[in-house]
Amino acid sequence: MENKKKKNYENVLSFIPTGEYYYKKALKELQRDQYPKAHKYLQRATELSPKDPDIWVQFGIVLMEMQEFGQAMEALRTAYDLDQYKTETLFFLAEVNAHMGMFLEARNFAKKYVENDIQGQYAAEALEIIDFAEQEDWQLFDDDGEAQDSEHFYQQEKARRLMEEGNFPEAIKLLESLIEEKPDFWGAHNNLALAYFYIGETEMAKALLHDVLRRNTGNLHALCNLAVFHYYEKNEELEDVLDLLKKIQPYVFEHRYKLGATFALVGKYKEAYRWLRSLQKRGFDGDPAFYFWLSHAAYHSGHEDIAKQAWKHLTQMDPGKDGYEPWAEQAAMPHPDALEHDRDYLVGKLDHPQTSERLFGLFLLGKSAHKQEIVSHPNWLKSEQPTVLETYLLGYALGHPFKAHVPEEQAFMRAMEATEILYQEESMITEQGSYAFQMWFMLVEKAFERRYEFKNPKALAASVAYMVRSSRDRSVTKKAVAAHFGITSATLTKYVNQLIQYLPLFES
């Protein structure tokens, strides 16, 4: 029996994984775009084969893809120390330095790569890094590669301060003088465009930016400024510029900040959060404006904790901002399906050619987390000839009081009471629920014009709910809807019949 129980270990193969084993597993995961798994395997591979430069290079590449540039730098430097003649390492060192804003080092590594392997796989990208470093941060270099005189940048900062003080004529004079001395000083061009925009010379401002983009294609600051100009003027060209900005992957901290702040200002909060948060993760010590935009971007993209941390930083730097939090008028974080917090949907309603849709938009505005931003926009709430009802609804959205003894205002407030009853059905407006509100505001517009008194708001809300639900589901009964809203079936029938006469189909 003992012989039968005795295990035979002679045929058991010992498996001791090597760095090469985990390296190959990582490559397979990379083919599936599984970066976290590839990271885990490569980290293990570096522990088992710490002298293999290929593993360290691949580890550095994965870390860059995961936006961990500091760790990527360490991995690539380790690879470089192990083999200084491996050209692939030179290129990725150039790239990671560029991402971290260290242009001189980025340029030097890129030049080494090109000098060692002019026909190499990354030769074109290396030349781009060299060009990027010397054009976008050209102040670092003169024609011989030496540091430039900082006088021009001192003058530009002086002009910026003049603009902050509101002294635009002096700023314009100084910036024009700088451009005359240094025609390719793109920062001065961009600031001059801003100065002209602030004094109302919008066409001149845009012409300056287009000139910069013609002579320095892809200039990030010019594109961002152009986006802001189109945003404030509500131009259709805004979306074209934003599409370009979404494709840009900046290396420089300053450019990431500019891109993130621009996206936040125009309401593209998810894009804004990506860039601003990436800066914070890398230890960027921002100014008050940085934390202001980060807080707004985080809040409106669903990152409440980050938003509140950023706002705390802001109020420590600028206590005067206390009380202006993006959530100041919201009891809780917006629900992701709530259309009142969908900025693009809201703006679309406010800009709609139909009055009833604009009325719906104004009601949404009063519920929206974007109310402060929309109200402060110079053009969105401007209308050449707003109707009385639009004026009332804007006042309602902003919390203005109404006079109960004025019949017209009393009727309006009853209509709003009915609207609030509908809103409380879900405490938000969803895509499906929006149809009831669209129909309701169409009815409100017509009924208000004919001096309808909007008596019994509860019955009016029930009537709208019944009209919408019964049009979709034949099994919906007046009895069930009336009971839900606490009225009788007879009352529901009465108010449905009253509202039907205001439908477009029944107009004479």
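Helices here are DSSP runs of H or I with at least four residues, strands are E runs of at least two, and both are numbered from the N terminus. By that rule, Phe132 belongs to helix 8 (residues 123-136), and the chain as a whole has 27 helices and zero strands. Please keep in mind that this is a predicted model, in which local features need pLDDT of at least 70 and side-chain atom pairs count only at pLDDT 80 or more, while totals for chains, interfaces and linings use all residues. Residues are numbered from 1 along each chain as its sequence is written, and side-chain values use heavy atoms, with hydrogens and water left out.

**The chain overall**

- Of the 508 residues in the chain, 47% are buried; buried means under 20% relative accessible area, exposed means over 50%, and partly exposed lies in between (1.4 Å probe, protein chains only).
- The chain exposes about 27300 Å², and carbon and sulfur atoms supply 49% of that area; accessible areas come from the Shrake-Rupley method with a 1.4 Å probe, and for residues only the protein chains shown count as cover.
- Among contacts with a separation of 6 or more, 57% are between residues 24 or more positions apart; a contact means heavy atoms within 4.5 Å.

- You will find Lys268 in the loop between helix 15 (253-265) and helix 16 (269-281).
- Lys268 counts as buried because its relative accessibility is 12%.
- Leaving aside residues up to four places away in sequence, Lys268 touches Glu239, Leu242, Phe263 and Asp344.

**Salt bridges**

- A search of the whole structure finds 17 salt bridges, each being a side-chain nitrogen of Lys or Arg within 4 Å of a carboxyl oxygen of Asp or Glu.
- Glu390 pairs with Arg358, and their closest N and O atoms are 2.7 Å apart. Glu390 lies in helix 22 (residues 388-397) and Arg358 in helix 20 (residues 355-367), so this pair ties together parts that are 32 residues apart in sequence. Both Glu390 and Arg358 are buried.
- Glu47 bridges to Arg44, with 3.2 Å between the closest N and O atoms. These two are separated by about one helical turn, because they sit three residues apart in helix 3 (residues 35-48). Arg44 is partly exposed at 34% relative accessibility.
- Glu88 and Lys86 meet through their side chains at 3.9 Å, N to O. Glu88 counts as partly exposed at 25% relative accessibility, whereas Lys86 counts as buried at 19%.
- Lys86 and Glu88 are also linked with Asp54 in a network of salt bridges.

**Backbone angles to look at**

- Most residues other than glycine have a negative phi.
- Ser427 has a positive phi, near 60°. Ser427 sits in the loop between helix 23 (407-423) and helix 24 (434-449) and is partly exposed, with a relative accessible area of 43%.
- Asn456 likewise has a positive phi near 60°. Asn456 lies in the loop between helix 24 and helix 25 (457-472) and is partly exposed, at 31% relative accessible area.

**Pairs set apart in sequence**

- Phe132 and Ala106 are 26 residues apart in sequence, and their C-alpha atoms are 9.7 Å apart in space. Phe132 counts as partly exposed at 22% relative accessibility.
- Thr391 is in helix 22 and counts as partly exposed at 46% relative accessibility.
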